[in-house]
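Here is a friendly walk through one protein model, meant to be read with the sequence and the structure open beside it.

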Amino acid sequence: MFRMLLIAAFLVVSVHAYSEGAPKAACRDLTPQHGAELQTKKPPYSFSGPSHVRGDQKLTLTLGGDEFLGFLIQARDGQNRVVGQFKVVDTQHSQTLDCSGPEDSLTHLKAVKGSPLSGVTFDWIPPAGYKGNVKFMATVVQTGFVYWVGRVTKDIDVE
């Protein structure tokens, strides 16, 4: 009996921790630490917004589609390095995460079962002097056991 209570307590702590945003362990490969099998079918999510930005301006994008509980977004250059900085627009549902540098990733804030998101808008600022292509990549969690890892993408030209 004690063993079952102990296991249940660990599961509650684990689920609660991820409801507050993606763990730092997900930074490298965008994989949630939920322990479920990832989806291989086309995700019902996409980024909307401009496909180019000047290097001295911010870019505003929205992640949307079906309802979802959690997300982790990064912008990566041609060498798969995380680049740029995110600025939170929706303070009720998103927060930055320091993966490779300050504010270089964006994740959910307070995912609540029964109160899913339908979209999240954010700003991204390119690194100083950067020119070239950037790929926005998102992992989107529909439920604790249904998620797409890095399959939601958008290419952006930084001029």
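Asp 123 is buried, its relative accessible area being 10%; here buried means under 20% relative accessible area, exposed means over 50%, and partly exposed lies in between (1.4 Å probe, protein chains only). Its salt-bridge partner is Lys 58, with the closest N and O atoms 3.4 Å apart. A salt bridge here is a side-chain nitrogen of Lys or Arg within 4 Å of a carboxyl oxygen of Asp or Glu. Lys 58, by contrast, counts as exposed at 52% relative accessibility. Because Lys 58 sits in the loop between β2 (52-53) and β3 while Asp 123 belongs to strand β8, the pair ties together parts that are 65 residues apart in sequence. Helices (H or I, at least four residues) and strands (E, at least two) are DSSP runs, numbered from the N terminus.

A word on the source: this is a predicted model, in which local features need pLDDT of at least 70 and side-chain atom pairs count only at pLDDT 80 or more, while totals for chains, interfaces and linings use all residues. Residues are numbered from 1 along each chain as its sequence is written, and side-chain values use heavy atoms, with hydrogens and water left out.

**Salt bridges**

A search of the whole structure finds five salt bridges. Three of them, including the one we began with, are set out below.

| Pair | Closest N to O | Relative accessible area |
|---|---|---|
| Lys 58 and Asp 123 | 3.4 Å | Lys 58 52%, Asp 123 10% |
| Asp 155 and Lys 135 | 3.3 Å | Asp 155 40%, Lys 135 29% |

**Overall layout and strand pairing**

Stepping back, the secondary structure comes to one helix and ten strands. Along the sequence, these elements follow the pattern α-β-β-β-β-β-β-β-β-β-β. Of the protein's 159 residues, 40% count as buried. Among contacts (heavy atoms within 4.5 Å) with a separation of 6 or more, 66% come from residues 24 or more positions apart.

β1 and β3 run antiparallel and are joined by four bridges; Ser 48 has Thr 62 in β3 as its bridge partner. β3 also pairs with β8 in the antiparallel sense, over seven bridges, and here Leu 61 stands opposite Phe 122 in β8.

**Two nonpolar cores**

Which residues make the most contacts inside the largest nonpolar core? They are Leu 63, Ile 73, Trp 124 and Phe 136, in a core of 26 residues. Such a core is a set of buried Ala, Val, Leu, Ile, Met, Phe, Trp, Tyr and Cys residues joined through side-chain atoms within 4.5 Å. Two or more residues come from each of β1 (45-48), β3 (59-68), β4 (70-76), β8 (117-125), β9 (132-143) and β10 (146-158). A second, separate core has eleven residues, among them Ala 22, Leu 97, Val 141 and Tyr 147.

The structure holds one disulfide, defined as a pair of cysteine sulfur atoms within 2.5 Å. Cys 27 and Cys 99 form it, their sulfur atoms being 1.9 Å apart. Since Cys 27 is in the loop between α1 (2-19) and β1, and Cys 99 in the loop between β6 (94-97) and β7 (105-108), the pair ties together parts that are 72 residues apart in sequence. The torsion about the S-S bond is about -65°, so the disulfide is left-handed. Both cysteines are buried.

Cys 99 is also one of the residues in contact with Ser 105, beyond its neighbours within four places in sequence; others include Leu 72, Val 82, Phe 86 and Thr 96. Ser 105 belongs to strand β7 and is buried, with a relative accessible area of 0%. Its side chain makes a polar contact with the side chain of Gln 74 at 3.0 Å, and another of 3.4 Å joins the side chains of Ser 105 and Asp 104. A polar contact is a pair of N or O atoms within 3.5 Å; within protein, one must be able to donate a hydrogen and the other to accept it, and residues adjacent in sequence count only if both atoms are side-chain atoms.

Terms used
Pairing = 2+ DSSP bridges.
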